[in-house]
Amino acid sequence: MRIAFIGGGNMANALIGGLVKRGTAPRDILAIDVNESTRDALVKQYGVDTASAPNDRLRDYDTIVLAVKPQVLKDVAQALQPHLNGQLVISIAAGIRASDLARWLGGHNQIVRCMPNTPALIGMGITGLAALSGVDSDQRKRAENVLGAAGQIVWVEKESQLDAVTAISGSGPAYVFYFIEALEQAAHELGFSPEQGRQLAIATFTGASQLAAQSSDPVSVLRERVTSKGGTTFAALSSFERDAIKAAIVRGVHAANTRARELGDELGDA
């Protein structure tokens, strides 16, 4: 597998690092970025090949990963169009629908659209993937190999489901950080230093997440095991229920899903 990245930012860096770690030869990776310092950093860190703009060398690569900001993807796609000869195109640009990208690429339909999240930066991400009809089984496997280098993957049957993936896992790390912030604030109000509050909050969240991941029991059962009626946990959860916190979180995810659909309309209207 020879892979070319268009864009060398944080997510591309995470994927390149994961691929090299898993055995992809640096000589089989090309990183294209307009920023010279970004290119130099990738060469220094991974020893990959680089270029400043798309060119005909792309015909020698079977997979092209679009890792640029959504606002510039149309221009990038038009610059890429002359160099396509059946490659798999993987887009990790948020919000841009594969059908719009296919149109910008002149009808190229061998496209997998992905929605990763920021824990991919430490190899612990999860990515939702959706494929256009032109993607064959070998190309699907290729997409799995690329995105799997940064964590877990989940295929969805309909591309529209990626809006929900965005709302749940794409935006999800921010929800987690929000909860950790609240625990840190409570710790501070209860007399702990900022460092102690951070340690308590993060270790609790990390440990609970790993317990949920490694247990075969539903998280509701795990929660019940910690909650003795009339105890401290019961008091906190009862307060959460009075404030309808669970319902507010669910409403927030639905709001993110709606906004993801709206952004797809806005960004693809060109």
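Is Ala244 buried, partly exposed or exposed? With a relative accessible area of 34%, Ala244 is partly exposed; buried here means under 20% relative accessible area, exposed means over 50%, and partly exposed is in between (1.4 Å probe, protein chains only). Ala244 sits in the loop between helix 10 (232–242) and helix 11 (245–268). Its phi is near 55°, a positive value in a residue other than glycine.

**Ground rules**

This is a predicted model, where local features need pLDDT of at least 70, side-chain atom pairs count only at pLDDT 80 or more, and totals for chains, interfaces and linings use all residues. Residues are numbered from 1 along each chain as its sequence is written, and side-chain values use heavy atoms, with hydrogens and water left out.

**The overall picture**

The protein has 11 helices and eight strands. Helices (H or I, at least four residues) and strands (E, at least two) are DSSP runs, numbered from the N terminus. Taken along the principal axes, the C-alpha atoms fill a box of roughly 70 × 40 × 30 Å. Of the 270 residues, 37% are buried. If you look at contacts (heavy atoms within 4.5 Å), then among those with a separation of 6 or more, 62% come from residues 24 or more positions apart.

The protein splits into domain 1 (3–157) and domain 2 (171–264), with bounds that come from an automatic or database domain assignment. Their centres, taken over C-alpha atoms, are 33 Å apart. Across the divide, seven residues of domain 1 are in contact with five residues of domain 2.

**What the record says**

UniProt, in an unreviewed entry, lists residues 2–95 as "domain: Pyrroline-5-carboxylate reductase catalytic N-terminal". It also lists residues 159–263 as "domain: Pyrroline-5-carboxylate reductase dimerisation", again from an unreviewed entry. UniProt positions are in the numbering used here, feature names are shortened, and annotations may be inferred rather than shown by experiment. Here is how the two spans look in the model:

| Span | Helix | Strand | End C-alpha atoms apart |
|---|---|---|---|
| Residues 2–95 | 33% helix | 20% strand | 26 Å |
| Residues 159–263 | 83% helix | 0% strand | 14 Å |

**Helix 6 and helix 7**

Helix 6 (161–170) and helix 8 (194–214) are what the buried residues of helix 7 pack against. Helix 7 itself covers residues 172–189, so to speak 18 residues in one run, and reaches 26 Å from its first C-alpha to its last, close to the 26 Å expected at 1.5 Å a residue. That expected span is 1.5 Å times one less than the number of residues. The buried residues of helix 7 are Gly172, Pro173, Ile180 and Ala187. Seen down the axis, the buried residues of helix 7 fall within an arc of 100°, so they line one face of the helix; the arc is that of the directions from the helix axis to the C-beta atoms. On the other side of helix 7, Tyr178, Glu181, His188 and Glu189 are exposed. Just after helix 7 comes Gly191, with a positive phi of about 100°.

In helix 6, the buried residues are Leu162, Asp163, Val165, Thr166, Ala167 and Ser169. They pack against strand 6, strand 7 (125–131), helix 7 and helix 11. Take Thr166, which is found in helix 6 and is buried, with a relative accessible area of 16%. Leaving aside its neighbours within four places in sequence, Thr166 is in contact with Met115, Ser171 and Ala260.

**His108, tucked in a loop**

His108 lies in the loop between helix 4 (98–104) and strand 6 (111–115). At 11% relative accessibility, His108 counts as buried.

**One more stop: Ala208**

Over in helix 8 there's Ala208, partly exposed at 45% relative accessibility. Ala208 and Leu222 are 14 residues apart in sequence, and their C-alpha atoms are 9.3 Å apart in space.
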